[in-house]
Amino acid sequence: MTGTVEAKLATLGITLPAASAPAANYVPFVISGNLLWISGQISMANGAFMAGKLHGEADVEAGRAAARQCAINLMAQMKAALGDLDRVKRVVKLVGFVNSAPDFTDQPKVVNGCSDLFVEAFGDAGRHARSAVGVAALPFNVSVEIEAVIEFA
């Protein structure tokens with residue numbers, strides 16, 4: 001049975017992929033009390049990396065799309081951990097890493113791609129604290145990587 005959040009995603013044309021396996025020596029998520037800590041999810045869709053340094057190889061709109069894909073991948077991990085996205089009580093915190101050229105300063109606009117989808121999917125429970133950080137490089141030259149802390153019931 002599809003829950004309310006997944007029904008909202010379906011109206012947006014989004015089907016969650018299977019949660020990705022870790023690429024190194026870590027776990028994809030940890031549950032501590034009623035908090036779900038999700039390891040960084042990279043901008044990857046259908047097995048292809050959404051790659052490129054922002055303000056060099058990719059523009060802000062491509063970065064926003066990459067961050068939106070990170071949100072979808074984060075929700076896939078939420079579903080794997082919790083079984084049902086309707087158990088999400090609050091998106092507490094996001095930390096977004098943007099593969100940035102030295103003169104690129106629009107990291108917040110890029111990470112909005114993730115933030116906006118969380119608000120669309122979870123309503124007010126999707127509003128969160130956030131950091132949007134420019135970094136010199138990311139694995140596989142992806143444009144964006146985002147980690148999350150989620151409160152659940």
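**Aromatic pairs and the core**

Reply: Let us begin with one residue of this predicted model. F118 has 0% relative accessibility, so the residue counts as buried.

Me: Which residues does F118 touch, apart from those up to four places away in sequence?

Reply: With those neighbours left out, F118 touches A71, L74, M75, M78, V91, L94, G123 and G126.

Me: How many aromatic pairs are there?

Reply: The count is 2 aromatic pairs. In one of them, F49 and F140 are stacked, with 4.6 Å from centre to centre and 10 degrees between the planes. F49 belongs to strand β4, whereas F140 sits in the loop between β6 and β7, so this pair ties together parts 91 residues apart in sequence. F49 is partly exposed, at 38% relative accessibility.

Me: Why is the pair of F118 and F122 edge-to-face?

Reply: Planes over 60 degrees apart count as edge-to-face. The planes of F118 and F122 stand at 75 degrees, with the ring centres 6.0 Å apart, so the pair is edge-to-face. Both residues lie in helix α3, 4 residues apart, which is about one turn of the helix. F122 has a relative accessible area of 10% and is buried.

Me: Which residues have the most contacts inside the largest nonpolar core?

Reply: They are L9, L74, M75, M78, F118, F122 and I146, in a core of 37 residues. At least two residues of this core come from each of α1, β2, α2, β5, α3 and β7. Helix α2 supplies the largest share, 10 residues.

Methods. Residues numbered from 1 in each chain as written. Predicted model: local features only at pLDDT ≥ 70, side-chain atom pairs only at ≥ 80, totals over all residues. Heavy atoms only, no water. Phe/Tyr/Trp six-rings, centres within 6.5 Å; stacked < 30°, edge-to-face > 60°. Buried < 20%, exposed > 50% of the residue type's maximum accessible area, 1.4 Å probe, protein only. Core = buried A, V, L, I, M, F, W, Y, C linked by side-chain atoms within 4.5 Å. Contact = heavy atoms within 4.5 Å.
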